[in-house]
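Please read them with the structure open.

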Amino acid sequence: MKPKALLIANIEAFLLEPLTAAGFKFSSGQLAFKRTRHEFVQAIHFQANRHNEEHVCVEFWSRYQVSSRSYASWHKARYGHEPANHIVGDTADWNMGNWQFAGIDGKPDTHHQLVDPAHRATVMHCLRHNLHTLALPWLERLSNWENAALTLVEAQDAHARACDFYLMAGQQEKALWALNEGLAYWKKNPGASFPEEKEAIALRMEKYFNA
């Protein structure tokens, strides 16, 4: 069986039933599960290694994303244009705390590998456990404007967007805190600065806080 077909077959055998029961719909063409939670869309994407080869390598990993068109509408109403994307939160499985990979022959791994028929069930059971204990709670947690904002600030990333999320949650003081955190971060890390992010922070400081 070709690598992509083998991956789809295992996803359908081990993940389709529990995720469908949880409200997700599977697209085999996109290798993704998606469900809607109020104004958010939660997605589970599977990415196959482009070097996969039948009987040699059937490696893949997963990504988790929350997006919302509500943010695009809010952003356009406030700033006159839509944001660059609708993403609220995004992460790969290896960046998720306590994620476990079923390494072959007891060796640690950083991806999922289905090439060994005797090992496939172990890999997929491990993935299913991770999904239920880590990934689904992460998707639920990020499907909340305040939680999504805090996640960005804690990651020292996209402070202007974090401000927007706090404002959408009605948290004016926390929105100002996010902007100040961004200014402090760029001051400490001038080599890592992005001019467009600084401009976005300055715009919000002036627009909302007269600063």
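**Helix packing, core and salt bridges**

1. Helices α6 and α7 run roughly antiparallel to each other, because their axes meet at an angle that counts as such. That angle is about 175°, and the axes lie 8 Å apart. The model is a predicted one, so every value here is computed from predicted coordinates.

2. Which residues make this contact? From α6 come His-159, Ala-160, Ala-162, Cys-163, Tyr-166 and Leu-167. From α7 come Gln-172, Lys-174, Ala-175, Trp-177, Ala-178, Leu-179, Glu-181, Gly-182 and Tyr-185. By class, the contact of α6 with α7 has 10 nonpolar, three polar and two charged residues.

3. Is α6 enclosed or open? Nine of its 10 residues (159–168) are buried, so the helix is largely enclosed by the rest of the structure. The buried set is His-159, Ala-160, Arg-161, Ala-162, Cys-163, Asp-164, Phe-165, Tyr-166 and Leu-167. A reader may want to look at both in the display.

4. The cover over α6 comes from several elements. Among them are helices α3 (69–79), α5 (145–154), α7 (172–188) and α8 (195–209). Strand β5 (87–92) is also included. After α6 comes Gly-170, with a positive phi near 80°.

5. Now the core. The largest nonpolar core has 58 residues. Those that touch the most other members are Leu-15, Phe-33, Ile-44, Phe-46, Tyr-64 and Leu-127. Helix α4 (residues 120–142) gives the most to this core, with 11 residues. In soluble globular proteins, nonpolar side chains tend to be buried together.

6. Phe-46 deserves a look. What does Phe-46 touch, leaving out residues up to four places away in sequence? The list is Ile-11, Leu-15, Leu-31, Phe-33, Phe-60, Trp-61, Ser-62 and Leu-127. Leu-15, Phe-33 and Leu-127 are in that list, and they are also named with Phe-46 among the residues that touch the most other core members.

7. How many salt bridges does the structure hold? There are six. One of them pairs the side chains of Lys-2 and Glu-54, at 3.6 Å from N to O. Lys-2 is in the segment before α1 (3–14) and Glu-54 in the loop between β3 (40–48) and β4 (59–67), so the bridge ties together parts 52 residues apart in sequence. Lys-2 counts as exposed, at 57% relative accessibility. Glu-54, at 27%, counts as partly exposed.

8. Glu-140 and Arg-37 form another salt bridge, with the closest N and O atoms 3.1 Å apart. Glu-140 sits in helix α4 and Arg-37 in strand β2 (residues 32–37), so this pair joins parts 103 residues apart in sequence. Both ends are partly exposed: Glu-140 has 36% relative accessibility, and Arg-37 has a relative accessible area of 28%.

9. Glu-146 and Lys-174 also form a salt bridge, and here the closest N and O atoms are 2.4 Å apart. The pair links distant parts of the chain, with Glu-146 in helix α5 and Lys-174 in helix α7, 28 residues apart. Glu-146 is partly exposed at 24% relative accessibility. Lys-174 is partly exposed at 33%. Elsewhere, shared partners join the salt bridges of Arg-35, Arg-37 and Glu-140 into one network.

Notes. Residues numbered from 1 in each chain as written. Predicted model: local features only at pLDDT ≥ 70, side-chain atom pairs only at ≥ 80, totals over all residues. Heavy atoms only, no water. Buried < 20%, exposed > 50% of the residue type's maximum accessible area, 1.4 Å probe, protein only. Helix = DSSP H or I, 4+ residues; strand = E, 2+ residues; numbered from the N terminus. Contact = heavy atoms within 4.5 Å. Axes fitted to C-alpha atoms, helices over the stretch in contact; angles between N-to-C directions. Parallel < 35°, antiparallel > 145°, perpendicular 65-115°, else oblique. Nonpolar A, V, L, I, M, F, W, Y, C, P; charged D, E, K, R; others polar. Core = buried A, V, L, I, M, F, W, Y, C linked by side-chain atoms within 4.5 Å. Salt bridge = Lys/Arg side-chain N within 4 Å of Asp/Glu carboxyl O.
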